[in-house]
Amino acid sequence: ASPEALEAELFGHAGSDGKARDGLFVYAQGGTLFLDEVGELPLALQAALLRVLDDRRIRPVGSEQQIAVDVRIVAASNRPLAELVAAGRLRADLYYRLQVVEITLPPLRSHKEDIPELVAHFVATLAPRLGARHEDAGE
């Protein structure tokens, strides 16, 4: 998606054609907004995101009005964000703003012994919802 489309998706669009649309920050008001692959955002959008984190206000695309937002951000990346900062692909100030709590999850391939237990858990959880029969893994 283009940087403009991403900005409208996050912050909304005033809609000079009368078709205003709220962005994800408005929908997440009072809750949590998950930003996947935050290191892939264009640098200009990273700057806009940093302003929102600092000011707690958004400005929809095409609008002069700002809207107060109360949103918790959870950001994810499949690459260490510090590497992206070093490579110049992630703003250092945004990195430090997001770096409140870091959780590193190892890939499932590094602990394959957990797969049978995970499969059993998800089958037991999802089968009743889907109306499917299942047998316990231990049987």
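**Pockets, pairs and a patch**

The largest pocket holds about 1,000 Å³ of space, a volume being the space filled by probe spheres set on grid points that are joined across faces, edges and corners. A pocket here is an open set of points, on a 1 Å grid over the protein atoms alone, where a 1.4 Å probe fits, with protein on both sides within 12 Å along at least five of seven lines, and lining residues have an atom within 4 Å of a point. This is a predicted model, in which local features need pLDDT of at least 70 and side-chain atom pairs count only at pLDDT 80 or more, while totals for chains, interfaces and linings use all residues. Residues are numbered from 1 along each chain as its sequence is written, and side-chain values use heavy atoms, with hydrogens and water left out.

The lining of the largest pocket comprises 29 residues, with Ala-75, Ala-76, Leu-98, Val-101 and Glu-102 nearest its centre. Two or more lining residues come from each of α3, β4, α4 (81-86) and α5 (92-98), where helices (H or I, at least four residues) and strands (E, at least two) are DSSP runs numbered from the N terminus. The most, five residues, are given by β4.

Turning to charged pairs, the structure holds six salt bridges, each defined as a side-chain nitrogen of Lys or Arg within 4 Å of a carboxyl oxygen of Asp or Glu. One of them joins Arg-21 to Glu-9, with the closest N and O atoms 3.5 Å apart. Because Arg-21 lies in the loop between α1 (3-11) and α2 (24-27) and Glu-9 lies in helix α1, this pair ties together parts that are twelve residues apart in sequence. Another salt bridge, between Arg-56 and Asp-70, has an N to O distance of 4.0 Å, and it links the loop between α3 (43-55) and β2 (57-58) with the loop between β3 (67-68) and β4 (72-76), 14 residues apart.

On the surface, Leu-108, Ile-115, Leu-118, Val-119, Phe-122, Val-123, Leu-126 and Leu-130 form a nonpolar patch with about 680 Å² of accessible area together. Such patches are made of residues with over 30% relative accessible area and no salt bridge, with nonpolar side chains (Val, Leu, Ile, Met, Phe, Trp, Tyr) joined within 5 Å and like charges within 9 Å; the areas come from the Shrake-Rupley method with a 1.4 Å probe, and for residues only the protein chains shown count as cover. Val-119 belongs to helix α6 (residues 115-130).
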